[in-house]
There are 2 protein chains.
Amino acid sequence: MKEDILYHFALGTGTHDFPALFGDVKFVCVGGSPSRMRAFIAYIAEELGLGSPGCDYPNICAGTDRYAMYKVGPVLSVSHGMGIPSISIMLHELIKLLYHAKCSNITIVRIGTSGGIGLEPGSVVITRQSVDATFKPQFEQVILGKTVIRSTNLDEQLAKELMECSKEIGQFNTVIGNTMCTLDFYEGQGRLDGAICLYNEEEKLQYLKEAYDSGVRNIEMESSVFAAMCNLSGVKAAVVCVTLLNRLEGDQISSSHDVLVEYQQRPQKLVGYFIKKSLGKME
Amino acid sequence: MKEDILYHFALGTGTHDFPALFGDVKFVCVGGSPSRMRAFIAYIAEELGLGSPGCDYPNICAGTDRYAMYKVGPVLSVSHGMGIPSISIMLHELIKLLYHAKCSNITIVRIGTSGGIGLEPGSVVITRQSVDATFKPQFEQVILGKTVIRSTNLDEQLAKELMECSKEIGQFNTVIGNTMCTLDFYEGQGRLDGAICLYNEEEKLQYLKEAYDSGVRNIEMESSVFAAMCNLSGVKAAVVCVTLLNRLEGDQISSSHDVLVEYQQRPQKLVGYFIKKSLGKME
């Protein structure tokens, strides 16, 4: 290919010097919300001693509103929107970006939000395996109309290292557990408060308890394709999500804005600490 | 339920007066990109004689960056991000919003972008049926781990009325055809330029030609769940997408920025004309 246009990033090899812009990247953090990923880059810059207070970080994907991307030193922070298709487009273009930039030894971590099962809200889950709605560790990719099954394994060693970091921080409850990845937020996750709902509370609770018994500790909407694509591309990957509520106790996310903001900082804090430690920057 | 929090809109029945805010809504236009949906509200305001030049429209969902929402008179304009899960969350909360606001006789139109098959780029496709990756007019919804098949029929009369509007405008090629809705942009649509690709050009072209022969004229990533949910909720719905390229001739979206911007205005122009006509506001 003469030129590669990463359409949803509004970047291209014909218009941007990828090795110069991204060649030093070692850690990529991804999350659903653009503003959260901007907050993360400011946080990690300060943690690594690379930022000045009040300094603003330009959005590298300013030419589009599909995704937002920020960089400081060896850390790239990218938003991916909500759901498997949205993160899948981002990952295709991100993996091509890292390839064109000749990056090596990349670690990529999704820092997100999720619904917990049987955990106190605000707990952080490091994903052991991402499982589908029937609790199987697999992702069904449709290719030219045919379904192909892909493995959703994540890096075991990386999960353990992250768990170790959480113990050293000692500020919030963290567990390693399975993460169920669904195709929607309401019916797919057994919520009773969607616009359409054809089951009752008993059926919902039975399903969530089966999930818990199979090892599932939280539910989100991106981890399976994230694990599958990182696997296939040989990139070391982890998923670290905070739980905003305990689904055994309700469906609505009704904690106050301030409480939710603090919860959402927990995966950032954990992954920030891990990056700092990996770079040998701990005091 | 005492209070209903529409979490991804950052709106709630306990904090917002839905009938006062949204009770007069008759047309809802939805599209992937927040900035496109903001541009649409400014356009339609001017068309309906409800706006003043240079007037800004506040984002009703300013408390979140998941979606953006704008309103002028009877028209609501909402972004939905990319992919089935992302639009499905938005639609659950939109349908609840319209219900709480006691709206009736709503028409909802998705105005989007797509890849065309066998059409000149810039052509507009009004969807007859939304079909899956095997060309069947159905959507598979996973509920509590079990797959349920839902119909993806759209309003025939509304499609015809939109086609009539396009003839009256007479500025761009418009067809009624089937729209294939996929779970991803690269492998699911037979692109050869993704980070992962396990098929060749011949297999790709064979698949796209089969799609064409079955009546498919464009490919996007939201129409199936949009049709299924509007069907189940009894809301009159249409899908109007412009094609940014002809997939029989390539995979990359390489037209200039200005050309793409003009293409993206075509569904807006068509649906704007339709709303104006429906309201009896044509000169």
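At what angle do the axes of helix 2 and helix 7 of chain B cross? Keep that in mind as you open the model, which is a predicted one.

**Stop 1: two helices in chain B**

Select residues 34-47 of chain B for helix 2, then residues 257-278 of chain B for helix 7. Their axes come within 10 Å and cross at roughly 40°. The crossing of helix 2 of chain B over helix 7 of chain B is right-handed. To see who does the touching, show side chains: on helix 2 of chain B the contact residues include B:Phe40, B:Tyr43 and B:Ile44, and on helix 7 of chain B they include B:Gln268, B:Val271 and B:Ile275.

**Stop 2: both chains together**

Zoom out and colour by chain.

**Stop 3: the annotated domain**

Next, select residues 26-275 of chain A. An unreviewed UniProt entry annotates this stretch as "domain: Nucleoside phosphorylase". Over these residues chain A is 35% helix and 27% strand, and the end C-alpha atoms sit 10 Å apart.

**Stop 4: the annotated binding site**

The unreviewed UniProt entry also places a "binding site" feature at A:Arg66, A:Arg110, A:Ile111, A:Gly112 and A:Thr113. Pick A:Arg66 to begin with. You'll find A:Arg66 in the loop between helix 2 (34-47) and strand 4 (69-72) of chain A. A:Arg66 is buried, with a relative accessible area of 19%. Beyond its neighbours within four places in sequence, A:Arg66 is in contact with A:His8 and also with residues of chain B, among them B:Gly32, B:Arg36 and B:Thr113.

Then hop to A:Gly112, in strand 6 (residues 107-116) of chain A. A:Gly112 is buried too, at 3% relative accessibility. Leaving out residues up to four places away in sequence, A:Gly112 touches A:Arg36, A:Val240, A:Cys241, A:Val242 and A:Pro267.

**Stop 5: the cysteines**

How many disulfides does a search of the whole structure find? Zero, over all chains. A:Cys197 is partly exposed, with a relative accessible area of 29%. Finish on A:Cys241, one of the residues that A:Gly112 touches. From A:Cys241, the nearest cysteine sulfur is that of A:Cys181, 9.7 Å away; A:Cys241 is buried, with a relative accessible area of 0%.

Methods
Residues are numbered from 1 along each chain as its sequence is written. Chains are lettered from A and ligands numbered from 1 in the order in which they are written. This is a predicted model: local features need pLDDT of at least 70, side-chain atom pairs count only at pLDDT 80 or more; totals for chains, interfaces and linings use all residues. Side-chain values use heavy atoms; hydrogens and water are left out. A disulfide is a pair of cysteine sulfur atoms within 2.5 Å. Buried means under 20% relative accessible area, exposed over 50%, partly exposed in between (1.4 Å probe, protein chains only). UniProt positions are given in the numbering used here, feature names are shortened, and annotations may be inferred rather than shown by experiment. Helices (H or I, at least four residues) and strands (E, at least two) are DSSP runs, numbered from the N terminus. Axes are lines fitted to C-alpha atoms, for helices over the stretch in contact, and angles run from 0 to 180 degrees between N-to-C directions. A crossing is left-handed if the near helix is turned anticlockwise from the far one by less than a right angle, and right-handed if clockwise. Contact means heavy atoms within 4.5 Å.
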